[in-house]
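Please read this short report alongside the sequence and the model.

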Amino acid sequence: MIQQILFSAEIGKKDVAKLEATTGIQIREVGKILYDVQDYHDGVYRHSLNVGYLTAQLAIRLGLSKAEVYIMCIGALFHDIGKTKIPHSILDKPDKLGNDEWELIKEHPRRGFELISQYDWAYQLEPMILLHHERLDGKGYYSVAPQEIPLSARMVSVADAFDAMNSNRPYQRKQNTNNCWEQMERCSGTQFDPNLLRLFRRTIDDIYYKRLNRGQYASKSVQPQYG
Ligand SMILES: [Fe+2]
Ligand SMILES: [Fe+2]
């Protein structure tokens, strides 16, 4: 599954072998960690695959190197790993969260990075996991200033929000794509990086267009909604 997501981002088997050596991030190990995520919560797992796929697609359109695309894809796959430390009763709650529950949810980036930091390659993924809920207006989970939010975290933030709006969640129904863009555009410059948001929109159009032209949905399991 991960290799298919990487392949769709122009990273083939030979590239993976090289990148595993240079970054120390082994796909087999990534797969095992993601298996634990799936075991804990299938919705978080599927969302993680979507965000990994979308972030990688955005990264190649930004003209980033294969090593950068690889690291960003893996970081995005793990962005919500901290949710495996949040009780199901909160993750699946259909009603509005109480204050204490909300405070716990806000801890998932920190808990996620703590969890992954046992691996010596984890430092490369830190911004995507720790800062993916930060905002350009400084009103994110940890009130990080915009100049301290790296590109990789901004990319995951856009892909994450898009996927969250485009999926059914216990507390909200999936939105149509137009509504989703309207909401995201309203947050351009305050929550999202405007340049990245523009490119992300082109990325999604491109993915839909390619899918339409292929006239088939064979890759649906890898790219559940967009590929
Ligand atoms: Fe998150
Ligand atoms: Fe997320």
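## Glu107

Glu107 is partly exposed, because 15 other C-beta atoms lie within 10 Å (buried means 20 or more such atoms, exposed 12 or fewer, partly exposed in between, with C-beta atoms placed from the backbone). Glu107 is found in the loop between helix 7 (99-105) and helix 8 (108-116); helices are DSSP runs of H or I with at least four residues, numbered from the N terminus. Asp160 is 53 residues apart from Glu107 along the chain, and their C-alpha atoms are separated by 17 Å.

This is a predicted model, in which local features need pLDDT of at least 70, side-chain atom pairs count only at pLDDT 80 or more, and totals for chains, interfaces and linings use all residues. Residues are numbered from 1 along each chain as its sequence is written, while chains are lettered from A and ligands numbered from 1 in the order in which they are written.

## Helix 4

Helix 4 is largely enclosed by the rest of the structure, because 14 of its 20 residues are buried. Just after helix 4, Gly63 has a positive phi of about 75 degrees.

## Nonpolar core

The largest nonpolar core holds 46 residues, and Ala56, Met72, Cys73 and Ala159 have the most contacts inside it. Such a core is a set of buried Ala, Val, Leu, Ile, Met, Phe, Trp, Tyr and Cys residues joined through C-beta atoms within 7 Å.

## Confidence

The protein has a mean pLDDT (the predictor's confidence in each residue, from 0 to 100) of 92, and 93% of its residues reach 70 or more. Confidence is lowest in helix 12, at a mean of 89, and highest in helix 5, at 98.

Note on methods
Helix = DSSP H or I, 4+ residues; strand = E, 2+ residues; numbered from the N terminus.
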